[in-house]
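Me: I have a model open and want to go through it quickly. Can we take the fold, the core and the aromatic contacts in turn?

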Amino acid sequence: MIKRTERLDSIVRQHYASVYRLALSMTGRPADAEDVTQEVFVAVTKGIDSFRGDAALSTWIYRIAIRTAVRWRAKQVTTESLPETLPAQNVAVPIDLIKALNALPADARLVIALVAIEGLTHAEASDILAIPEGTVASRLHYARKKLSEKLSLTD
């Protein structure tokens, strides 16, 4: 039992920041991102014994995080105003960027979160999302174009 607990602690320490950043990009609010992150690691703890190793552990955790964040987002109705910036792991994220990200379709937001925010390769994002690499590239292009338009970065 101690080895399992130590293993789970190690998994949480290793993947917490990535899951939190993904959750923040999906929820737009630090408190909600914390809630989603906790739900993810509860699911990881419950399911770790059934993890078969067909994919990398990080891929499995990202898939759980994505499903959890999408379910969370589907339940939410936000009426509160957001502050000017949102802290994310010691980095202030401009609220305009958060609003622009939240306005994107979920598939585009996920690709941006995985590739542009988490720094994963197109191949890694492809594996996590179970879509072809070309689809990752096209969604990333679409998402960047829409973000530029929403943030008035294009002429």
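Me: What share of the 155 residues in the chain is buried?
Reply: This is a predicted model. Buried here means under 20% relative accessible area. Over the 155 residues of the chain, the buried share is 38%.

Me: In what order do the elements of the chain run from the N terminus on?
Reply: The chain has 7 helices and 2 strands. From the N terminus on, the order of these elements is α-α-α-β-β-α-α-α-α.

Me: How many residues does the largest nonpolar core have?
Reply: Leu22, Val40, Val44, Leu114 and Leu129 have the most contacts inside this core. Helices H1 (2-27), H2 (30-47), H3 (57-75), H4 (95-103), H5 (106-117), H6 and H7 each supply at least two of its residues. The size of the largest nonpolar core is 41 residues.

Me: Which residues does Leu22 touch, not counting those up to four places away in sequence?
Reply: Leu22 is one of the residues with the most contacts inside the largest core. Leave out residues up to four places away, and Leu22 touches Tyr62, Ala65, Ile66, Leu110, Ala113, Leu114 and Glu118.

Me: Are H6 and H7 roughly parallel or roughly perpendicular to each other?
Reply: H6 covers residues 122-129 and H7 residues 133-150; their axes are 8 Å apart. The packing angle is about 105°. Angles of 65 to 115 degrees count as roughly perpendicular. H6 and H7 are therefore roughly perpendicular.

Me: By class, which residues make up the contact of H6 with H7?
Reply: On the H6 side are His122, Ala123, Ala125 and Ser126. They meet Glu133, Val136, Ala137 and Leu140 in H7. By class, that contact has 5 nonpolar, 2 polar and 1 charged residues.

Me: Which residues form one aromatic cluster with Tyr16?
Reply: Tyr16 already stacks with Phe41. The cluster that holds Tyr16 also takes in Tyr20 and Phe41.

Me: What is the angle between the planes of Phe51 and Trp60?
Reply: Trp60 is buried, at 19% relative accessibility. Phe51 and Trp60 form a tilted pair, 5.0 Å centre to centre. The angle between their planes is 45°.

Me: Which residues does His15 touch, not counting those up to four places away in sequence?
Reply: His15 lies in helix H1. With a relative accessible area of 11%, His15 is buried. Beyond four places in sequence, His15 touches Phe41, Leu57, Ser58 and Ile61.

Terms used
Residues are numbered from 1 along each chain as its sequence is written. This is a predicted model: local features need pLDDT of at least 70, side-chain atom pairs count only at pLDDT 80 or more; totals for chains, interfaces and linings use all residues. Side-chain values use heavy atoms; hydrogens and water are left out. Axes are lines fitted to C-alpha atoms, for helices over the stretch in contact, and angles run from 0 to 180 degrees between N-to-C directions. Helices (H or I, at least four residues) and strands (E, at least two) are DSSP runs, numbered from the N terminus. Angles under 35 degrees count as roughly parallel, over 145 as roughly antiparallel, 65 to 115 as roughly perpendicular and the rest as oblique. Contact means heavy atoms within 4.5 Å. Ala, Val, Leu, Ile, Met, Phe, Trp, Tyr, Cys and Pro count as nonpolar, Asp, Glu, Lys and Arg as charged, and the others, Gly among them, as polar. A nonpolar core is a set of buried Ala, Val, Leu, Ile, Met, Phe, Trp, Tyr and Cys residues joined through side-chain atoms within 4.5 Å. Buried means under 20% relative accessible area, exposed over 50%, partly exposed in between (1.4 Å probe, protein chains only). Rings of Phe, Tyr and Trp (its six-membered ring) pair if their centres lie within 6.5 Å; planes under 30 degrees apart count as stacked, over 60 as edge-to-face and the rest as tilted.
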